[in-house]
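Hi,

Here is the structure I promised to send over. Have a look at it first, and then read my notes on the sheet below.

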Amino acid sequence: MGGLRIRSEGPGVLDRPEVDVEQSSGSGKGGWIVTVYNNETNTFAEVEHILMVATGCDYEEAWMETWEIDRLGKSVVHHSDQEECENVAAVIAQIGIEVRVSCE
């Protein structure tokens, strides 16, 4: 277990990705989800950061979802309509992590 590596360096860990996404709290309406999968490339901090940027969640939620990704292999990180989920997934995918949008 524990595929997300912890490292201090990393390209653009604090930079906002270049995607125009309308921030939303993800009301859960719409029946679509965004699932993020573990990998051996991204750091814990990179994943936390991109989740906060993409979904507008706070640090605690991003930490919990990143922990799930790291320990369980995946986590559902957003619930909304299809368009919003696709926008969120596009932001997350910018760091090279596997992300899928699907109907609940």
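This is a predicted model: local features need pLDDT of at least 70, side-chain atom pairs count only at pLDDT 80 or more; totals for chains, interfaces and linings use all residues.

**Notes on the sheet**

Strands β1 and β3 run antiparallel and are joined by five bridges.

If you want to follow the pairing by eye, Tyr37 has Lys74 in β2 as its bridge partner, and Ile33 faces His79 in β2.

Put together, that gives an open sheet of three strands in the order β2-β1-β3, with antiparallel pairing. The edges are taken by β2 (74-80) and β3 (99-103); each has a single partner strand, so one side of each is left without a neighbour in the sheet. As a quick reminder, strands of a sheet pair through backbone hydrogen bonds, whether parallel or antiparallel.

And why is β1 largely enclosed by the rest of the structure? Five of its six residues are buried, so the strand is largely enclosed. Buried here means under 20% relative accessible area.

Cheers

Definitions and conventions. Residues are numbered from 1 along each chain as its sequence is written. Side-chain values use heavy atoms; hydrogens and water are left out. Two strands pair if DSSP finds at least two bridges between them. Helices (H or I, at least four residues) and strands (E, at least two) are DSSP runs, numbered from the N terminus. Buried means under 20% relative accessible area, exposed over 50%, partly exposed in between (1.4 Å probe, protein chains only).
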